[in-house]
Each structure stands twice: as C-alpha cells, then as structure tokens.
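My entries follow the display.

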Amino acid sequence: MHLCRLLLASVCLFAAPVTTGGDVHMVRPGDTLSQIAQRYGVRLDDLRRWNRLSSDAIAVGQRLEISAPASTCIVRPGDTLSEIAHRHGLSTADLRRLNGLTNDRIRPGQVLRLRGQPERPARYVVRPGDTLSEIAVRFDVELALLRQLNDLEGDRIRAGQRLRLQPSPKQASIHVVLPGQTLYQIAALYDIGVGRLRHLNGVEGDLIRPGQKLRLRPTPATVHVVERGDALWEIARAYGLSVADLKALNRLRGDSIFPGQRLLLGQDRRPRLASHTVVRGDNLSEIAQLHQMSVAELRRLNDLSGMVIHPGQKLKVRPLLGRPGGLDPSQLDPSRIPWERLLVDVAGLRRIALENGPYYGQRPRARRQPSRQYAEKHPPSPLRTYRQARKLWDRFEGEVGRLGRLGNDLAGWHFVLDPGHGGIDPGAIVRTISGDGTRLYVVEDEYVYDITLRAYVLLRLHGAKVDITMLSPNHLIRRTEPATQTFVHQQNEVFNSLALNRSNQWPFGNSRGLKARVQIAKDALRHAPGGRTIFLSFHADHDPNSPQAPLVLYYERRGKRDDASRRFARALLPALGAGARTRGQSLAVLRGNPASVKVLVEVANLAYVDHAWALRFEQHRQREAEKVVRGVLDYVRRKQLARR
C-alpha cells in the first residue's frame, strides 16, 4: 500500500506540462527553468527575459510565459519613439532602423516593428475574415502542417478559434533524455505507459542515458518524423524521392519543415531500407538512434527476439539522412566521390592506421580523449610544424584536384574555410555517453576540422577555388570506427601562413589569433573576383541558451549590420534543416573580413548531450558538411537565376 502511494505521488509530481492559454506553463514540482526551455524549444535567456527573471529560481505554481512577446506595437496617442523603445528594451536608433525611419516622428495608429526577425508564436486566435491559407502564409507554416497540428480535415475555421502554429510537447514523437530524468518521469510527461516506452525503445529495466532519444509512438515505414536539423532535400534523397515528389505528397509549398512534422513517403510504395553492418562496440540502441527509428522497429525488421548482436551481422535499417538515393539531379552525390583515395600516402611521413585515424608521422599518445583537462602539448617549433602540415596538405589538395567534378556551379567562386579554434585552444571539451553507458569526451576543434575538410572536398568538386586558415601536421579526414574512439586534443594545428608561423608563437583563441584568420582571408582573396567570395567559419557551439539546431551568425554591432551576409545566412537555413536559425553578433573573425559574404556556422550545440553524441559518428560529420555546401549551392544558383 505504501509503495502504491509512492508510485502515485511520483506520477502526480511529473505529470505532463500544464499550460493555460497555450503560451503559459504552470511550474510543477521537479521542474527546472532549463528543462522547461528545452521542453518548449525556446532559449533559456529568452525564457528569463519574457518572465523578467534575474536568476533561474522558480516556484511551484508560478506561471511562465513560454512564447515571445509581440513583434509589433501600435502607436497610441501621446507615445514618443524613445518611450516605445524604452518600453520594449530597444535603443531609439534600433527602433528607427527596424522601421526605416529617418527621424523620431510617429503617428497614432502606426504599426512599429519591434524585432528584425519576428518569431512565430505558439498559437494564433482566428479573426473574422481570416482563411487558413492566409494564416499559413502570414506565419510561414505549410498548410498541410497547419491542418496536422490542429486536427483539421479541411480548411474551415471560425473566428475565435485558437490555432496551434508549432507542434506542442504532447504532439512530440521523440524525447531527448535530460540529465537526472527517469523513465517514469518521461512516461508521465507524455501520458504513455512505462511498459510501452520500454518496448518502443528496447529498454530492459529502467536504465536510460542522458542524450538518448526515446521514441514516444510507433512510426509507419511510410512516414518520416522530422527531427531538429532534418532538411527536406536530404529526406528526399535518403528515401529515393525527388524533392518535388516529397513536396507534392505532403502538399508543401516551400522547403521549410518543422521538428515533429510527419512527412508521408508514399502510401503504396515499398518502404526504402538500407543495411547496417555491425562493428565492434555497436548496440541496438545506438544503431536505432543513428537511423532515426525505434528499437522495436529495428528488432521487428530483423526478426530479433533479444538485444544481442554480433560484429559482421547485417541489419535492415531506415536509410541514414545524408546518404544518397534520391532522384533530384541537383543534389550532392557523395557516393560518386572515392573517399578512400583521400587517405593519401605522403613521402617521408609514415601513415598510421588507427580506429580514430589515419595519422601521419606521429599519432596521439592517448587512444581517445580521456578527460576534459587532457591535452597533448604542441611541438617546440610552429615553423617546422607548419612545413610538415603544408607537405601533408599539398598532397591532399593535389589528390582532390585529380578526383574530377560533381558539377561546375561554383566555378569562379573563391572560398576561405576556417576550422574553429585549434592550436592551444580546443574550443569546448564536453562529456557525453555512448549507448552502452561509457563516458566519453568530445573536443570541438578536432571534430570541426574534420567537417571543414569534408566541406572543402565538396566545394572543390563543384568547381570552387578554396583556401583554409588552419592546418594539422598529422591528420586529414579521419574515420571513427567504433565511434567510442574519440579524437584526442592535440595542440599542434598551425595557421596556414608562412609569415604567421615565423613568430614562433602557437595559435590560440585571443583577438590576435582571430585577426590572424582574417589576415589569411585577406591574403587569399586579394585578387579574387568581386562579389564571388565567401568565408565560412565552422564551430560547434556550447551554449544552453542557444537553439539545438544549426545556427548561422553574421556580423552585427550597435545597429551596424552586414546585410549581404545576413541574406546569405538566411539562404542557408532550408538546407541546414528544421529549426535552423540566424543571428547577428559582433564576431572578430567576421569584422574587417574582405569576403563579400561571411558567416560563422555552429553545426551543432554541444550543450545538448545528443549533439555531442552524434558528432562522434563519421556519417553525421559528413552530413553536416553536405548541408552547408548544399546551402551554398542553393544560394549561388539563385544568384545566377537572378542575373538572367
């Protein structure tokens, strides 16, 4: 009896989120501000700002606003521009810029914009005369998704009806486990049985790991549930469809899709499947997560009665996003690239085959990153290290040139790629966990260097001229099989500049180091064609206040904004996938940069355990590189069409 009361109390404590009016959350026992922010897909600092919180302390029963304030205001009699700016936390200059005003004159009834990029509210109350199609256009929501979110069979709506514009937590198909969460809490949160949750995810007992993606409901083989970062073009390619066919099947007008959206893959066609060969260290939970499927689906497809698998065993799986298979001729096709040829041999540098290699000349002392503090100190001479790095790079660059072409869309364009951090500065070193519970550490600069090199190859194969700001003396593109063999923090990357290495100082992340990257871009682009130069800095964020999906940053400071780069950043979003965002920020690597457009791309956010988990897999790193390059190709093709 006592045990029953305890179990009943735990269910009451962790009941599903209570909202009032659609945009308010009532704090329940056990809630934390960061969990609420992640649950509703909003930034932690936004949640604080909307609720005027000076800290993360919240109380049971407290009402929290969970959507952005209005993006416009109507001028009232007696209002002044400076009063309105102060009321909404803006400077008068910013308010003028947002509304194209040359002075402070305003009139009653005038509508003023309060943000440059209005956020979509969670809900909308239908006004007299509204139509569903007009609402879809106004808030940039696909009509089919609007029907799906609101259980509408047709387009009939009525004044006063509240329409959901974004998927609610209750409509979620996936839950990412937060540190400290239990299976019982998650089951209660979504009002599903613990046994059902165990069955779907192959959980025996109650053991789950932070960052694990738990499927909340079965998904038919003819449906794909969109996750953050999924892009329409890569879903189409993975399932053997053209983008046009996928859009027609789901009655989509544009390329924007949203986390939680269910996309039909065809009612009468056989589901497209791929094959996964089990390697040492694999487990069913990680294989299912990698292929965006439930463990129950994986076991059913392969007639598995238990959780035991063996190296060499072939499993039927859903196709990986980022893998070829589509019909759209404009899509990247990495299957045509002989990647093995890029694991080059270099005279005078012994190639060392490792599970997280290959390496050239010298291998790391550790087999994988053992802790947050671990670092392998750089060699004594940056200049000698640079000469070895150039020898390795020249061989790699030459081999890329001999691979042929995937296309010529980028002929005449000049790129500078900047792998974030490096040298003494590793960027973020974060702890994650593998599917079998092994504690692992991911080093930002080592992983983004690999993504940058993959982007370099793809850009070159589409006809571009490409330079890079940083070089490694002992590795190029690397494999991680198994993914538990994480890359090690070696402080040996150098600037790709003879002059900058003569100073005998190692690169690190201060303002001088960032200016050096800009100087490399200036040298590389000195004679490049005007209007056809692009600078891309690759990073993996570590900020719980930033979105979980890819983030593209352009330069903005005190009302001064690089509008050309902002347009470029926004053009990348459909290719980067669901939930991707842009933001203006004062970044030294973009300030004074000579490229006609320049952005910093946060390909992942390592503050989220599942992002750190995913980055360990070569397939995900390849996918992130392809998404960025696909966005670049879309941007360039649109510019070419505009000129015609």
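**Entry 1: ground rules.** I note that this is a predicted model, in which local features need pLDDT of at least 70, side-chain atom pairs count only at pLDDT 80 or more, and totals for chains, interfaces and linings use all residues. Residues are numbered from 1 along each chain as its sequence is written, and side-chain values use heavy atoms, with hydrogens and water left out.

**Entry 2: the chain.** I looked up the secondary structure and found 20 helices and 26 strands in the chain. Helices (H or I, at least four residues) and strands (E, at least two) are DSSP runs, numbered from the N terminus. Of the 644 residues, 54% count as buried. Buried means under 20% relative accessible area, exposed over 50%, and partly exposed in between, with a 1.4 Å probe and protein chains only. The chain exposes about 28,400 Å², and carbon and sulfur atoms supply 50% of that area. Accessible areas come from the Shrake-Rupley method with a 1.4 Å probe; for residues, only the protein chains shown count as cover. I then looked at contacts, meaning heavy atoms within 4.5 Å. Among contacts in the chain with a separation of 6 or more, 73% are between residues 24 or more positions apart.

**Entry 3: α15 and α20.** Helix α15 covers residues 444–461 and helix α20 covers residues 618–643; they pack at an angle of about 50°, with axes 8 Å apart. Axes are lines fitted to C-alpha atoms, for helices over the stretch in contact, and angles run from 0 to 180 degrees between N-to-C directions. α15 and α20 are therefore oblique to each other. Angles under 35 degrees count as roughly parallel, over 145 as roughly antiparallel, 65 to 115 as roughly perpendicular and the rest as oblique. The crossing of α15 and α20 is right-handed. A crossing is right-handed if the near helix is turned clockwise from the far one by less than a right angle, and left-handed if anticlockwise. I listed the contact residues: Y447, D450, I451, R454, A455, L458 and L459 from α15, and E618, R621, Q622, E624, A625, E626, V629 and V632 from α20. By class, the contact of α15 with α20 has 8 nonpolar, 1 polar and 6 charged residues. Ala, Val, Leu, Ile, Met, Phe, Trp, Tyr, Cys and Pro count as nonpolar, Asp, Glu, Lys and Arg as charged, and the others, Gly among them, as polar.

**Entry 4: α18 and α20.** The crossing is right-handed. On α18 the residues are F568, A571, L572, A575 and L576; on α20 they are K627, V628, R630, G631, V632, D634, Y635 and R638. This contact of α18 with α20 holds 8 nonpolar, 1 polar and 4 charged residues.

**Entry 5: α14 and α15.** Helix α14 (residues 382–401) packs with α15 at about 40°, the axes being 10 Å apart. α14 and α15 are therefore oblique, and α14 passes α15 in a right-handed crossing. W393, F396, E397, V400 and G401 of α14 meet L453, Y456, V457, R460 and L461 of α15. I note 7 nonpolar, 1 polar and 2 charged residues in the contact of α14 with α15.

**Entry 6: backbone exceptions.** Most residues other than glycine have a negative phi, and most peptide bonds are trans. I found a cis peptide bond joining G357 and P358, with omega about 15°. P358 is in the loop between β14 (351–352) and β15 (359–360). The bond from E481 to P482 is also cis, with omega near 5°, and P482 lies in the loop between β20 (470–471) and β21 (494–495). Q292, not a glycine, has a positive phi near 55°. Q292 sits in the loop between α12 (284–290) and α13 (295–301) and is buried, at 12% relative accessible area. H421 has a positive phi of about 65°; H421 is in the loop between β16 (414–419) and β17 (429–433).

**Entry 7: G579.** I placed G579 in the loop between α18 (563–576) and β25 (581–585). Not counting residues up to four places away in sequence, G579 touches R228, I257, P259, A549 and P550. G579 and P550 are 29 residues apart in sequence and 7.4 Å apart in space, C-alpha to C-alpha.
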